[in-house]
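Subject: Handing over the structure

Hello,

Here is the structure I promised you. Please open it beside this email and follow along.

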Amino acid sequence: MDLTGKKTAIIVLTTILWLVITFLGWNDVYLVSMYLGVLLMLLYMVLGVAKQGKVSKKLFFFCLVPWAIVWIISFYLADYYAAIFAGIVPSFTVLGLHPSFGATVVGYWIGGMLTLTAMFMVFKDEWLSKKDWDNFVNKIKEIDETEKGGAH
Amino acid sequence: MSTLAKTLIVSFSFLMIVVSFLIGWWAKRKVTSSEAYFGSTGMFGPFTVGLSSTAAVASAFALVGVPGLLYSTGNGMTFWMLSSAAFAMAYMILGKKVRAMAEIGKVASLGDLSDLRYNNNKVIKITMSLTLFIGCIAYLAAQIKAGSELFGHLLGWDPLLAGFVIFGVLAVYMAISGEVGGLLTQAFQGLVMVVAGIVIVVVFFNITGGFGEVLKAVSQAGEVTANGITKEFSPDILNAWGSMPRVVSMTWMLIPILGTVGQPQVITRMYALKDPRDMPKMGLYTAISHTMVGLLTIVVSNGALYLVATGKIAPLENGDRAIYAFADYAGIVAQLFVYAGVLAAAMSSASLFLSICSTVVSRDIPDALGFKVEPEKQVRISRISMLVLGVISIVFSVTQGEMVGILGTFGWGTLMSATFPVFVLGLLWNKANEKGVMWGSIVGLILNIISFAGFKWPGALPWYFNVVSISIAVTVVVSLLTKEQVLNKKLEAVIDL
């Protein structure tokens with residue numbers, strides 16, 4: 001996925017998202033704000049993982065997208081089960097927890113770590129390989145030498 | 001609490017202080033440059049830096065205030081404490097770029113990063129440093145107050161004396177070995193918190209029989225009254241949202257998760273890592289250690305709810321007593337680890353924030369004002385400022401309780417508003433220019449001060465959400481409307497990495 005020429009559009013979109021979420025927050029629209037928050041974070045991560053403007057498909061489809069889906073589902077279920085069991089004892093539990101909170105623990109917490117943290121480890125070379133880093137360091141050295149040469 | 005229990009708790013906690021001091025003292029041999037003293041730049045592996053990051057992020061508020069809120073208002077704030085994936089997200093967004101900045105110039109502080117990115121722009125550096133100072137001094141004061149009052153109460157000492165004994169030692173080892181000592185002692189204190197988490201989780205399951213039993217007890221308890229205090233129970237307090245407005249839970253999801261990337265205790269640790277390719281591994285270590293701290297807060301609050309709901313202890317006068325009430329009921333092993341864990345949380349965050357405050361006062365702001373000082377002299381000045389700031393903070397925190405409470409509203413969001421436009425936008429987007437970031441930083445600083453003065457924002461959102469949002473918008477809009485900044489080739493290489 002090539003972001004060349006699209007970074008400004010993405011930054012503008014993230015800024016709009018910040019403002020929309022703030023406005024929705026003023027009006028107590030919490031669930032949509034949380035979904036938009038996931039999109040906001042996804043966009044920042046897309047910008048962050050890009051190498052030379054390109055996003056690894058493996059990182060995007062096996063790490064970022066599953067993370068976004070898991071979190072959106074967990075927020076939905078947290079809200080859904082809170083409404084279903086409002087004021088009453090829930091008819092089932094998740095790991096002994098209220099189903100609404102169970103969705104947060106399983107999706108937001110554990111799911112977040114399995115999709116983001118663990119998959120980040122699995123695909124670490126897609127984020128920064130040894131070759132990428134060595135190339136970067138060499139490039140900086142070359143620029144330094146060129147600048148020194150220019151100074152002489 | 002029996003005298004024997006008090007003696008054991010105090011001995012255990014003071015042993016931790018002594019070990020921290022010895023680590024700090026030992027670390028001075030590693031301080032071979034001003035970069036090492038101010039930033040530990042490129043010095044440590046992922047395990048040490050990861051533990052240090054968790055310890056610096058998890059403050060005394062996380063261990064005492066959060067269980068208090070969970071006890072009083074239900075699960076809403078768990079969105080904050082279960083944000084263990086935030087570290088991986090922060091490293092993905094900014095990790096390699098921040099670490100790469102240390103390859104293109106001398107980086108020992110956030111001010112240095114700002115200089116490299118924005119052509120030594122003084123206004124950006126000063127406004128960011130001032131906002132950082134406000135946020136960090138607020139955090140520092142809160143840590144000192146919590147630690148001093150707790151141990152003052154436990155020992156029957158004046159809190160000022162307890163403050164000097166605990167945080168005076170901290171100021172000394174920080175002055176001696178700077179961020180090197182700070183990072184290593186934080187890693188040790190992080191380990192103490194993780195072990196405390198494991199012990200308390202085991203104790204929780206032993207006492208309650210698990211979360212299912214807590215849910216059952218809380219659902220059936222109705223109202224419990226003792227000593228003139230009534231605690232109302234309902235199954236709803238154990239759903240995901242608790243009794244706070246749900247939009248607050250939304251904030252407590254978005255700000256800690258995305259805000260982690262803007263916390264100085266996280267950004268400074270990105271350039272402390274020796275090999276940038278270890279950052280995913282560091283994300284794993286921080287997630288695991290943060291998980292134990294998060295779990296600790298949940299089990300002690302659930303434990304306190306269970307004990308009150310089943311009539312084993314009286315309703316708490318103050319939610320902040322939840323962690324101690326649970327530990328005191330559980331017995332000496334839990335008490336040893338809870339008190340040591342709270343002290344570790346206070347000390348680790350305090351050392352980081354003391355170091356940042358000192359660097360801002362002794363290095364970044366004078367440098368931005370044009371006072372050029374040799375690196376060796378900078379270290380000497382910083383050692384003195386670390387001690388002076390340490391003493392002032394201890395006296396202020398213990399004697400000005402009300403002011404510390406007001407300052408306590410600063411913190412995570414304030415720090416995020418200082419760093420997000422400067423670093424996140426600046427290192428992700430090559431069109432973020434000096435004017436944009438400068439105005440974003442100025443507006444952020446002004447809005448922080450206005451909010452501090454009591455300005456009421458619309459709705460139930462915590463005020464810092466508005467400040468962060470507006471400062472980001474100003475940065476982007478001004479950057480788009482003004483002339484693009486020509487970046488040097490090295491900076492372009494960093495942004496493209």
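Residues are numbered from 1 along each chain as its sequence is written, while chains are lettered from A and ligands numbered from 1 in the order in which they are written.

Confidence
The model scores ipTM 0.94 and pTM 0.92. Within chain B, helix H13 (residues 279–309) has the highest confidence, at a mean of 95. Helix H17 (residues 401–407) of chain B has the lowest, at 59. Where pLDDT is low, the predicted coordinates should not be read in detail.

Chain A
Chain A has six helices and zero strands. Helices (H or I, at least four residues) and strands (E, at least two) are DSSP runs, numbered from the N terminus. The radius of gyration of chain A is 21 Å, well over the 15 Å that the globule rule gives for 152 residues, so chain A is more spread out than a compact globule. That radius is taken over C-alpha atoms, and the rule is 2.2 Å times the number of residues to the power 0.38. The C-alpha trace of chain A spans about 80 × 35 × 25 Å along its principal axes.

Chain A is split into domain 1 (1–55) and domain 2 (56–152); such bounds come from an automatic or database domain assignment. Their C-alpha centres lie 15 Å apart. Eleven residues of domain 1 of chain A are in contact (C-beta atoms, placed from the backbone, within 7 Å) with twelve of domain 2. The domain 1 side holds ten nonpolar residues, no polar ones and one charged. Ala, Val, Leu, Ile, Met, Phe, Trp, Tyr, Cys and Pro count as nonpolar, Asp, Glu, Lys and Arg as charged, and the others, Gly among them, as polar.

Where the chains meet
How many residues of chain A are in contact with chain B? The count is 63, against 62 residues of chain B. Helix H4 (99–122) is one of the elements of chain A on this side. H4(A) gives the most, with 13 residues. The chain A side divides into 38 nonpolar, 18 polar and seven charged residues.

The core
A nonpolar core is a set of buried Ala, Val, Leu, Ile, Met, Phe, Trp, Tyr and Cys residues joined through C-beta atoms within 7 Å. Buried means 20 or more other C-beta atoms within 10 Å of a residue's own; exposed means 12 or fewer, and partly exposed is in between, with C-beta atoms placed from the backbone. The largest core has 232 residues, and Leu140(B) is among those that touch the most other members. Helix H9 (residues 159–208) of chain B gives this core its largest share, 21 residues. Domains 1 and 2 of chain A both give residues to this core, so it lies between them.

Two spots in chain B
Look at helix H12 (residues 264–272) of chain B: nine of its nine residues are buried. Then find Val467(B), in helix H20 (residues 463–481). Val467(B) is buried, with 25 other C-beta atoms within 10 Å. Leaving out residues up to four places away in sequence, Val467(B) touches residues including Gly413(B), Ser417(B) and Leu447(B).

Best wishes

Notes
Predicted model: local features only at pLDDT ≥ 70, side-chain atom pairs only at ≥ 80, totals over all residues. Contact = placed C-beta atoms within 7 Å. pLDDT = per-residue confidence, 0-100.
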